[in-house]
Every structure is written in C-alpha cells, then in structure tokens.
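Grab a pencil and work through these exercises one at a time. Try each task yourself before you read its solution.

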Amino acid sequence: LVQSGWLRRVTTMAAFRDRHGREWHFEITPYSMKRVKELTGVHMGKLLDDELKPLNDLLSDAIQFVDVMYCLCKPQCDSDGVTDEQFGMSLVGDPLEAAAEAFMEALADFFPTRQGKILRKLAETSQQLRTVLANQVEERLDEIKRTSIESASSMPQSPELSPGITA
C-alpha cells in the first residue's frame, strides 16, 4: 500500500511455541524495545552496530536472550499469568531455536527494508550453515563409531576378557 508517498509494509506478529505447546506472539516496536532496555539493559536499536557483534552476543547468550524474549512477550505473559522463571524454563531445545528464528524475523520486520533484507539473508545463511555443520558432525561421529567398533573387533581377545576359555 502506498500512502502519502511513503511505502508501508504490512507486518504480522512473530510467533513461536514453547516446550509446553503454548504459542507466544510478539512484535518489535519502539515501545517493546524501550521495555527490553529498561528491564535488561539490552539496547535493541544497536544490535546491528559493530558488524552485528551485539546481535551475535545476544543470540549466543541463552540467559540474556531468554530475558529479552520474556520482555518482548511480557504483555502476553502478564495476561496469561506466566512468570519470567516459568517462561524461561519453557524455552529449551527446539523451542529456544524457534524463539531465535521468530526474533530474527521480527527484527527484520522492524528495521527498514534494506536492513531487514540483510537480516533475513543472515538468518537464512545461518540456518543453512547450522544444518551443514550438524550433518558434518554427525557424519564424523558415525565414522569414529564405525572405526572404533572395527578396531575393537579386530583386536585379539585376551584371556582376562574371556573367562572360561582356556588355551
């Protein structure tokens, strides 16, 4: 939609599910950014500074990231009677990753199109890289397991390991 010469984007609220199956909805706005800064000290407007170092630091620190997500979801938490501790305990494993993906999408929606496009590309590339690395690690572990089993089975059995067998 074009209105008064300004291009307006239609955004939807980001969403993710926690380990209890609850769906959380949030969006990043100047007001939610203010709430995050007041409650956690994280200045979300500066996450893209210094070659994205603040963003990387946030996403690498699960405790701080969960605190930020709680602040973003606080209106719903308050409405549903969910404490910050309960919220934090519900974001482990896959739900934590889902929250991070939703966060990146919401962050991309918040910033102007050019920066949003970069954030979306970053999130996509990061996901692809995590998949490739996970596959490589699994393949390497399978190889180590296979070699270890082959090595162990080709070793001569010592009498101590085979009680009751005499030469």
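Let's start with a definition: a residue is buried at under 20% relative accessible area, exposed at over 50%, and partly exposed in between (1.4 Å probe, protein chains only). You're looking at a predicted model, where local features need pLDDT of at least 70, side-chain atom pairs count only at pLDDT 80 or more, and totals for chains, interfaces and linings use all residues. Residues are numbered from 1 along each chain as its sequence is written, and side-chain values use heavy atoms, with hydrogens and water left out.

**Exercise 1. Get an overview of the chain.**

Step 1: start with burial. Of the 167 residues in the protein chain, 26% count as buried.

Step 2: list the elements. Helices (H or I, at least four residues) and strands (E, at least two) are DSSP runs, numbered from the N terminus. The protein chain has six helices and four strands, and from the N terminus on the order is β-β-β-β-α-α-α-α-α-α.

Step 3: check the contacts, meaning heavy atoms within 4.5 Å. Among contacts in the protein chain with a separation of 6 or more, 65% come from residues 24 or more positions apart.

**Exercise 2. How many salt bridges are there, and which side chains meet in them?**

Step 1: set the rule. A salt bridge needs a side-chain nitrogen of Lys or Arg within 4 Å of a carboxyl oxygen of Asp or Glu. By this rule you get five salt bridges. Let's look at some of them.

Step 2: take glutamate 23 and arginine 17, whose side chains meet in a salt bridge at 3.8 Å, N to O. Glutamate 23 is partly exposed at 34% relative accessible area, and arginine 17 is partly exposed at 46%.

Step 3: go to helix H2 (residues 49–60), where aspartate 57 and lysine 53 sit four residues apart, about one turn of the helix. Their side chains form a salt bridge with 2.8 Å from N to O. Aspartate 57 has a relative accessible area of 36%, so it's partly exposed; lysine 53, at 44%, counts as partly exposed too.

Step 4: move on to helix H3 (residues 62–80). Lysine 74 and aspartate 78 lie four residues apart there, so about one helical turn separates them. Their side chains meet in a salt bridge at 3.0 Å, N to O. Lysine 74 is partly exposed at 22%, and so is aspartate 78 at 47%.

**Exercise 3. Describe how H3 and helix H5 pack.**

Step 1: find the geometry. H3 and H5 (residues 94–110) pack at an angle of about 60 degrees, with axes 11 Å apart. Axes here are lines fitted to C-alpha atoms, for helices over the stretch in contact, and angles run from 0 to 180 degrees between N-to-C directions.

Step 2: name the arrangement. Under 35 degrees is roughly parallel, over 145 roughly antiparallel, 65 to 115 roughly perpendicular, and the rest oblique. H3 and H5 are therefore oblique to each other.

Step 3: see who meets whom. In H3, Ala62, Phe65, Val66, Val68, Met69 and Leu72 meet Leu96, Ala99, Ala100 and Phe103 in H5.

**Exercise 4. Where is arginine 120, and what does it touch?**

Step 1: Arginine 120 is in helix H6 (residues 113–154), and at 31% relative accessibility it counts as partly exposed.

Step 2: look around. Leaving out residues up to four places away in sequence, arginine 120 touches Glu105, Ala108 and Asp109.
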